[in-house]
Amino acid sequence: LARDAIDMILAFGFSPAAQRGGHPAPGLWLTGSAARLLERTLDGTLAVDLAACNAYRTATADAARVRCPALVLLAETDRLTPPAAAEPLIAALPGNAVVRLPRVGHFMVEEAPDAVIDALRAFLAGAVPAGR
């Protein structure tokens with residue numbers, strides 16, 4: 001991958017706070033670790049992945065066919081998949097729970113692992129109310 005592409009993914013994928021450090025796990029450097037992983041990606045893989053995401057046009061129709069409860073985690077500062085872009089998908093899901101993660105970017109599992117696990121546990125326990 002070209003260094004410019006990696007830098008853009010990191011800038012758009014991580015929240016501003018994550019780009020400055022301060023992760024709960026001492027010594028963990030989120031953007032540095034992600035950069036190393038992206039550098040190891042086979043040539044062309046990212047372009048194919050991004051093209052597939054861009055070409056996917058049936059998400060709303062596909063979501064309407066879901067027949068089980070769904071949890072939607074929205075990262076407040078996600079610039080790769082902005083929360084507002086998820087609204088049609090959320091509306092199409094017949095039974096859904098939405099959890100908004102404040103001050104978190106696209107890489108929510110890396111940035112806020114405890115919040116993600118807490119949301120999953122609450123959802124599985126039935127403690128996250130349906131809807132927005």
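What covers the buried residues of α8? Here the cover includes β1, β2 and α7. The legends below return to that spot after a look at the whole chain.

**View 1. The whole chain, a predicted model.** What you see is a predicted model. The protein chain has eight helices and two strands. Reading from the N terminus, the elements go α-α-α-α-α-β-α-β-α-α. Taken along the principal axes, the C-alpha atoms fill a box of roughly 40 × 35 × 20 Å. Of the 132 residues in the chain, 32% are buried.

View 2. β1 (70-75) and β2 (96-101) pair in the parallel sense, over six bridges. To get your bearings, find alanine 70, which stands opposite asparagine 96 in β2. Between the two strands the chain passes through helix α6 (residues 87-92), and this β-α-β crossover is right-handed.

**View 3. β1, covered on both faces.** In a regular strand the side chains alternate between the two faces of the sheet. Here, Ala70, Val72 and Leu74 point one way from β1, while Leu71, Leu73 and Ala75 point the other way. Which of these are buried? All of them are, and β1 is described as mostly covered, with six of its six residues buried.

**View 4. The largest nonpolar core.** This core has 13 residues. Those with the most contacts inside it are Leu71, Leu73, Val99, Leu101, Val104 and Met108. β1, β2 and α8 each supply at least two residues of the core. Zoom in on leucine 73 and you'll find it touching Val99, Met108, Val116 and Ala119, leaving aside residues up to four places away in sequence. Apart from this core lies another, of 10 residues, with Phe14, Leu30, Ala34 and Ala35 among them.

View 5. α8 (113-124) has 12 residues and reaches 16 Å from its first C-alpha to its last, close to the 16 Å expected at 1.5 Å a residue. Its buried residues are Val116, Ala119 and Phe123. They cover an arc of only 65° around the axis, so they sit on the same side of α8. Asp114, Arg121 and Leu124 are exposed on the other side of α8. As for the opening question, the cover over the buried residues of α8 includes β1, β2 and α7.

View 6. After the helix comes glycine 126, whose phi is positive, near 80°. Valine 128 is also in the segment after α8. Is valine 128 buried or exposed? Its relative accessibility is 16%, and buried means under 20%, so valine 128 counts as buried. Not counting residues up to four places away in sequence, valine 128 touches Ala97, Val99, Ala119, Ala122 and Phe123. For a sense of scale, valine 128 and arginine 67 are 61 residues apart in sequence and 18 Å apart in space, C-alpha to C-alpha.

**View 7. Helix α1 and what lies over it.** The buried residues of α1 (residues 3-13) are Ile6, Ile9, Leu10 and Gly13. Because they cover an arc of only 95° around the axis, they lie on the same side of α1. What covers the buried residues of α1? The cover includes α2 (16-20), α3 (30-39), α4 (45-55) and α7 (108-111).

**View 8. Helix α3.** In α3, the buried residues are Leu30, Thr31, Gly32, Ala34, Ala35 and Leu38. Their cover includes α1, α2 and α7. Leu30, Ala34 and Ala35 are also among the residues of the 10-residue core.

View 9. Most residues other than glycine have a negative phi. Arginine 103 isn't a glycine, yet its phi is positive, about 55°. You'll find arginine 103 in the loop between β2 and α7. With 61% relative accessibility, arginine 103 counts as exposed.

Conventions: Residues are numbered from 1 along each chain as its sequence is written. This is a predicted model: local features need pLDDT of at least 70, side-chain atom pairs count only at pLDDT 80 or more; totals for chains, interfaces and linings use all residues. Side-chain values use heavy atoms; hydrogens and water are left out. Helices (H or I, at least four residues) and strands (E, at least two) are DSSP runs, numbered from the N terminus. Buried means under 20% relative accessible area, exposed over 50%, partly exposed in between (1.4 Å probe, protein chains only). Contact means heavy atoms within 4.5 Å. A nonpolar core is a set of buried Ala, Val, Leu, Ile, Met, Phe, Trp, Tyr and Cys residues joined through side-chain atoms within 4.5 Å. The arc is that of the directions from the helix axis to the C-beta atoms. Two strands pair if DSSP finds at least two bridges between them. A crossover is right-handed if, with the strands pointing away from the viewer, the path from the first strand over the helix to the second runs clockwise. The expected span of a helix is 1.5 Å times one less than its number of residues.
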